[in-house]
Amino acid sequence: MFKTSEMKLISETCSLFCFSGRMDSIVTFGNGNINDTFLLSSKDRDDTERYILQRINHEVFNDPVALMDNFSRVTDHLKQKSSHAKGGEKVLSLIETKDGKSFTLDGNGNYWRMLEFISEGCSLEFPENKNQAYEAARAFGNFQSDLNDLPEPPLVETIPDFHNPEIRYQQFITAMQKDRVGRVDQVSDLITFVKKRDHLATLIRSSEFPRRVVHNDTKFNNILLHKETGRAICVVDLDTVMPGCVLHDFGDLVRTAACSSIEDEQNLDRVNFLPEIFESIVQGYLKTAGNMLSFREIDALPSAPLVITYELGLRFLTDYLEGDHYFKVKNERHNLDRSRAQFKLLESMEKQGESMREIHQKIVERF
Ligand code: ADP
Ligand code: GN1
Ligand code: MG
C-alpha cells in the first residue's frame, strides 16, 4: 500500500507518459536491490495493458541522463540484430513521455522511466533446472555478442570502477577502519576470511582483457524466461551496460545461478556451489559468445565466479559496516546475511575448484 502523497506522485508521473488507456492500478514489482520498480495496469475500454514504471536510484547512478542515453543506444542497437528476432527474443522498449523523452524528472529530483511489460516472461532468483541456467547463459552471451559492434562513442560508465575488486577491497578496509556504525566487532571472522583471500582482488584485472560492452549485472533474476517454453526471452536491468570485461558477466551469472540457495540465505548449510549448473552455464555462454572471445578470456572463465563472489561478499560487508546506504535491506542483518552467504559460496567453489576446471576444459576441447 502506498501513502496518499506517494500515490499522487506516482499517478502524476504516469500521466506524463504515452501509455495506452487510463491508469487502473499500480503495485511494487520484482526483487531488484537498487531501483524502485512498479507494475502499472491500465484500462483501455475492455482491454487491460501493463507497463513497468521505474524510479532510478540516483544515489547509485549519479548521471541518470547519461544512463538513459546508454539505455536507448543499447536497445536501438539490439533491435536491429536479427539474432534477437529469430530466437523470439525481446528487447526492452521504452515508453516515451508526452514531450518525446525517454524519462521524466519529478519535483523531488527523481528520474522515472516507463517500459513495456514483458508479460510472457518471469524471473527467478535461482534456476529450477539445468536448462534454465543454459538459457540464461546463452542469452547473456548473445547480448554481449550483439553489442560487440556497437558504434562509437563508448557508452558512459554509469558507475566508474563498478567491477574493480581492488578498489572494492580498499573501500572495505576504509569502512572497517572508520567503523561508522560500530559493527566491526561482530564481523571479525569475516575480516579474517577476507584478508586471507586478498589475492582474489587482483586475480582478474579488467585492463588485461579486451574492453567490450558488457551487462555488468548478470544476476539470474535479470533475465526473463518464457513462462511456458522456458526459453530466455529478454535481458533486463540495463543500467550498468557499459565498457567492461566479459569475465564479470560470466562470473556473476555463475554466482547467482550455480548456487543452491537464494542470495541472502541464513542457513549456510544450504549454500553450495552446483557444478552441474556451472557446466550448463559454460555450454550456453560459449554457444553464443564463444566465437567473439579471445583465448585468454576463455581460459580465465573458471576464475571469474570466485573473483565476483569475493567482490559481492566484500560489497555487502562494506555496506553493512557503512550502515546500509547502498543495497535495499529488509532488516539490519540483511547485508551481513548476504555477505556470509557469499563467503560460504566462495568456500564451496574453492573446494570444487578442480572439478570446475575439468568441466570447463572438457567443454572447451569440444568447442
Ligand atoms: P533493479 O535495478 O532494481 O534490479 P530491474 O530493472 O532489474 O531493477 O527490475 C526489477 C525486476 O523487475 C527484474 O528483476 C524483473 O524481474 C522485473 N522487470 C524489469 N523490467 C521488466 C519488464 N520490462 N517486463 C517484465 N519484468 C520486468
Ligand atoms: C544489485 O539491481 P540488482 O538487484 O539487479 C547490484 C548488483 C549486485 C546485486 C546483488 C547497480 O543488482 O551489482 O550484484 O544487487 N546492482 C548495482 O544482488 O549495484
Ligand atoms: Mg535487477
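The structure is a predicted model, in which local features need pLDDT of at least 70, side-chain atom pairs count only at pLDDT 80 or more, and totals for chains, interfaces and linings use all residues. Residues are numbered from 1 along each chain as its sequence is written, chains are lettered from A and ligands numbered from 1 in the order in which they are written, and side-chain values use heavy atoms, with hydrogens and water left out.

**Strands side by side**

Let's begin with the strands. Helices (H or I, at least four residues) and strands (E, at least two) are DSSP runs, numbered from the N terminus. Two strands pair if DSSP finds at least two bridges between them.

Strand S1 (residues 22-28) runs antiparallel to S2, and six bridges join the pair. Here Ile-26 has Leu-40 in S2 as its bridge partner.

Another sheet is open and holds three strands in the order S7-S9-S10, with antiparallel pairing. Strand S7 (121-122) and strand S10 (232-235) each have a single partner strand and stand at the edges, so one side of each has no neighbour in the sheet. S7 pairs with strand S9 (residues 223-226) over two bridges, and Gly-121 stands opposite His-226 in S9.

**A charged patch by the turn**

Asp-46 lies in the loop between strand S2 (36-44) and strand S3 (47-56). Is Asp-46 buried or exposed? Its relative accessibility is 75%, so Asp-46 counts as exposed. The words have set limits: buried means under 20% relative accessible area, exposed over 50%, and partly exposed in between (1.4 Å probe, protein chains only).

**Salt bridges**

How many salt bridges does a search of the whole structure find? There are 22, each one a side-chain nitrogen of Lys or Arg within 4 Å of a carboxyl oxygen of Asp or Glu. Here are some of them.

| Salt bridge | N to O distance |
|---|---|
| Glu-89 and Arg-138 | 3.7 Å |
| Arg-113 and Asp-239 | 2.9 Å |
| Arg-255 and Asp-252 | 2.5 Å |

Glu-89 sits in the loop between helix H3 (82-86) and strand S4 (94-95), and Arg-138 in helix H4 (residues 130-146), so this pair ties together parts that are 49 residues apart in sequence. Glu-89 and Arg-138 are both buried.

Arg-113 in strand S6 (residues 111-116) and Asp-239 in the loop between S10 and strand S11 (242-244) are 126 residues apart, and their pair links distant parts of the chain. Both Arg-113 and Asp-239 are buried.

Arg-255 and Asp-252 both belong to helix H7 (residues 246-257), where they are three residues apart, about one turn of the helix. Arg-255 is buried at a relative accessible area of 4%, and Asp-252 is buried at 3%.

Finally, a network of salt bridges links Glu-6, Asp-36, Arg-55 and Lys-328.
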